[in-house]
Amino acid sequence: MLWFHLSFGQNRLEDFLKPSDTLNTSRRNTVIFTEAIVASGALVGLNQLWYADYPRSNFHFINDNAEWLQMDKVGHMYSSYHLGRLGAEMLEWSGTTQKEQLIYGAGLGFAFLTAVEVLDGFSSEWGASSGDIIANASGTALYVSQELLWNEQRITPKFSFHTTKYAQYRPNVLGSSFVEQILKDYNGQTYWLSANLYSFSKGSKIPKWLNLAVGYGADGMITGNGENNALFPTLKTERIRRFYLSLDVDLTKIQTKSHFLKTIFSVLNTLKIPAPTIEYSHREGFRGRISYF
């Protein structure tokens, strides 16, 4: 009897996760309502937790394009892409047309992150960033352009992270816990463009799941603009850009009939798997890593 209930529950979950072949109005309305509630709640919560303690100002822009060796901008592109991908896939689940997925779904990341920029723009502590807005638009464009060109995502932005020694010097800025450091410590972040090799060579014997990834990271950053020596005179560090070449796996290309596994693979495909990597920086030149994340 227990086996029957488990099997019945799994079948119901599979039916729920299976995308609709035709428009399912109930699902579409649920998607729209859920996105509106979650986005509104996130913005209200962000306003209370992040902006409420700082004075308001007239809307204004700032130029922060030189900060953090542009790691924050790459992060905006990554976030916009995957929020848009999520929006499009949720509309696909509800059975909407590809046109509607691209117009109303893929734009989710750009719309939400632009709303955050508006909050920044009315805060005297920060300001709206034209660089952030361009990065947000780039992430959305990367998703939409691939759907229009190839009807699939051949190049996927991915993320990896490792802890660094720099967070201890400014935990309020770079994070005092592991979770905070993932979000704040740009020194430990690496962003990748992971290209599926089989997609560019249809019919070849290349495994359909095999990717080649190009990564970008940076370290030596304790402040955004590089005033490390002034703030920390005893700390000798140099801000360095790092570039990577590595193998990767496109989890969405793994063959399975399970819609539950497809959903899990779609979520995990935002992350780069650890793999042998070639690294380059102007200070150290080329070096190989057995595994890098």
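Reply: In this predicted model, a nonpolar patch on the surface is formed by Leu13, Phe16, Phe260, Leu261, Ile264, Val267, Leu268, Leu271 and Phe293, which together have about 730 Å² of accessible area. The elements that give two or more residues to the patch are helix H1 (2–17) and helix H10 (259–268), and the largest share, five residues, comes from H10.

Me: What makes isoleucine 264 count as partly exposed?

Reply: Isoleucine 264, which lies in helix H10, has a relative accessibility of 34%. Buried would require a value under 20% and exposed a value over 50%, with partly exposed in between, so at 34% isoleucine 264 counts as partly exposed.

Me: Is threonine 270 buried or exposed, and how do you know?

Reply: Threonine 270 has a relative accessible area of 16%, and because buried means under 20%, the residue is buried. Threonine 270 lies in the loop between H10 and strand E7 (275–281), and, leaving aside residues up to four places away in sequence, it touches Tyr78, His82, Arg85, Pro157, Lys158 and Phe159.

Me: Which label, buried or exposed, belongs to leucine 69, and which to asparagine 151?

Reply: Leucine 69 has a relative accessibility of 11%, which is under 20%, and therefore counts as buried. Asparagine 151, with a relative accessible area of 53%, is over 50% and is therefore exposed. Leucine 69 sits in the loop between strand E1 (61–62) and helix H3 (71–93), and asparagine 151 in the loop between helix H6 (130–150) and strand E3 (155–161). Neither residue is a glycine, yet leucine 69 has a positive phi of about 50° and asparagine 151 a positive phi of about 60°.

Me: How do you know that the span of H5 is close to what is expected?

Reply: H5 has 14 residues, and its first and last C-alpha atoms are 20 Å apart. The expected span is 1.5 Å times one less than the number of residues, which comes to 20 Å for H5, so the span and the expectation are close. The buried residues of this helix are Leu108, Gly109, Leu113, Val116, Glu117, Leu119, Asp120 and Gly121.

Me: What does leucine 108 touch beyond its neighbours in sequence?

Reply: Leucine 108, in helix H5 (residues 108–121), touches Glu35, Leu83 and Gly87 when residues up to four places away in sequence are not counted. The C-alpha atoms of leucine 108 and alanine 39 are separated by 9.4 Å, although the two residues are 69 residues apart along the chain.

Methods: Residues numbered from 1 in each chain as written. Predicted model: local features only at pLDDT ≥ 70, side-chain atom pairs only at ≥ 80, totals over all residues. Heavy atoms only, no water. Helix = DSSP H or I, 4+ residues; strand = E, 2+ residues; numbered from the N terminus. Contact = heavy atoms within 4.5 Å. Patch = residues over 30% accessible without salt bridge, like charges linked within 9 Å, V, L, I, M, F, W, Y side chains within 5 Å. Areas by Shrake-Rupley, 256 points an atom, 1.4 Å probe, with all protein chains shown as cover. Salt bridge = Lys/Arg side-chain N within 4 Å of Asp/Glu carboxyl O. Buried < 20%, exposed > 50% of the residue type's maximum accessible area, 1.4 Å probe, protein only.
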